[in-house]
Amino acid sequence: MSGRPELTGKQKEKLIQFRENLKDVLGPKHDDYYLTRFLRARNFDLAKSEEMLRNCLIWREKMKIDTIQQDFKLPEVADKYWAGGVLDGYDKDDCPVWLVPIGNFDPKGLLHSMKHGDLIKVNLLVLEYQYEQFAIRTKEIGKQIGQLTLIVDLENLGLQHLWKPGIELFTKVTGETYYVNMLIRIFYQSTGVVLRRIPMATQNVQV
C-alpha cells in the first residue's frame, strides 16, 4: 500500500465500523484505501475521522470538484507560468515523483495576473490529476498506489518568496485538509539562506 504498513486487526475493525458510520454518504469510489486515508490522518479516532471525511465531501460538492476538470478553463497565465509536474519514473515504492521548483514561482506575478479563486482551482486541478495518476498506476502494476514522493527544488528561492499574501495563498492551495496522506516522503534540494531563516522549515528535511 504505497509503502504504508498493513492495518492491524484492531484497525481493520475500526475501518469496518467507519464505513458503517458513513454509509449514508459513501459511493462506489470510496474504497477502503480512501477511507483509511482519513483514519490515519486522525489516528484512527472514529469520531474525528468521520467529521473530517464528511467535511471533505461537503467541500467537494460545494467546489464542484468532481467536474472541475471539465468545467474550469485553465487561465493562459497559469498554462504558461505554473511550475512543476510529474517526473519520468517512480520511487522505490512505485509511487509517482512530483517536482515543485518553488524558487521559480513568481507569487506576486501570479497573484496580480489571476484571481485568487482561479489560483486555488489551478492547484485543485493538479491534485485531481494526481489522483487520476494513482488510479492508472494501480491498474498498471496491480498494486494499490495512492501516494507520491515530492521533490521541492529551492534553487532561486529568495526573500521575495516570503511575501505574506503569497504565503497565505500557498497554505490554502496545498490541499492537506482534503487531500490527506498523499505524500509518502518529501525531499528538499538546493537548501539556501532562506530556510535557515525559518527554523520550522528545516525540521525533518532530507537534502
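Entry: I call a residue buried under 20% relative accessible area, exposed over 50% and partly exposed in between, using a 1.4 Å probe and protein chains only. With that in hand I checked Cys95, which is buried because its relative accessible area is 0%. Cys56 counts as buried too, at 1% relative accessibility. I then looked for disulfides, meaning pairs of cysteine sulfur atoms within 2.5 Å, and found zero in the structure. Over the whole protein, 39% of the 207 residues count as buried.

**Entry: ground rules.** I'm working with a predicted model, where local features need pLDDT of at least 70 and side-chain atom pairs count only at pLDDT 80 or more, while totals for chains, interfaces and linings use all residues. Residues are numbered from 1 along each chain as its sequence is written, and side-chain values use heavy atoms, with hydrogens and water left out.

**Entry: the layout.** I took helices (H or I, at least four residues) and strands (E, at least two) as DSSP runs, numbered from the N terminus. That gave me nine helices and four strands. Along the sequence I read the order as α-α-α-α-α-β-β-α-α-β-α-β-α.

Entry: Phe44 isn't a glycine, yet its phi is positive, at about 65°. I found Phe44 in the loop between α2 and α3, and it counts as buried because its relative accessibility is 8%. Asn181 is another non-glycine with a positive phi, near 55°. It lies in the loop between α8 (164-173) and β4 (183-189), and at 17% relative accessible area Asn181 is buried.

**Entry: rings.** I paired rings of Phe, Tyr and Trp (its six-membered ring) if their centres lie within 6.5 Å; planes under 30 degrees apart would be stacked, over 60 edge-to-face and the rest tilted. The structure holds six aromatic pairs. Which residues do ring pairs link into a cluster? I wrote down Trp59, Tyr131, Phe134, Tyr178 and Tyr179. I also looked for a charge over a ring, which takes NZ of Lys or CZ of Arg within 6 Å of the ring centre and within 35 degrees of the ring normal. Arg137 lies over the face of Tyr90, 3.6 Å from the ring centre.

**Entry: a pocket.** On a 1 Å grid over the protein atoms alone, a pocket is an open set of points where a 1.4 Å probe fits, with protein on both sides within 12 Å along at least five of seven lines; lining residues have an atom within 4 Å of a point. Points are joined across faces, edges and corners, and the volume is the space filled by probe spheres set on them. I looked up the second largest pocket, at about 520 Å³. It has 22 lining residues, and the closest to its centre are Lys29, Tyr34, Tyr131, Glu132 and Ala135. Which helix gives the largest share of this lining? It is α7, with six residues.

**Entry: along α7.** Asn123 lies in this helix and counts as buried, at 13% relative accessibility. I got 8.7 Å between the C-alpha atoms of Ile141 and Asp94, which are 47 residues apart along the chain.
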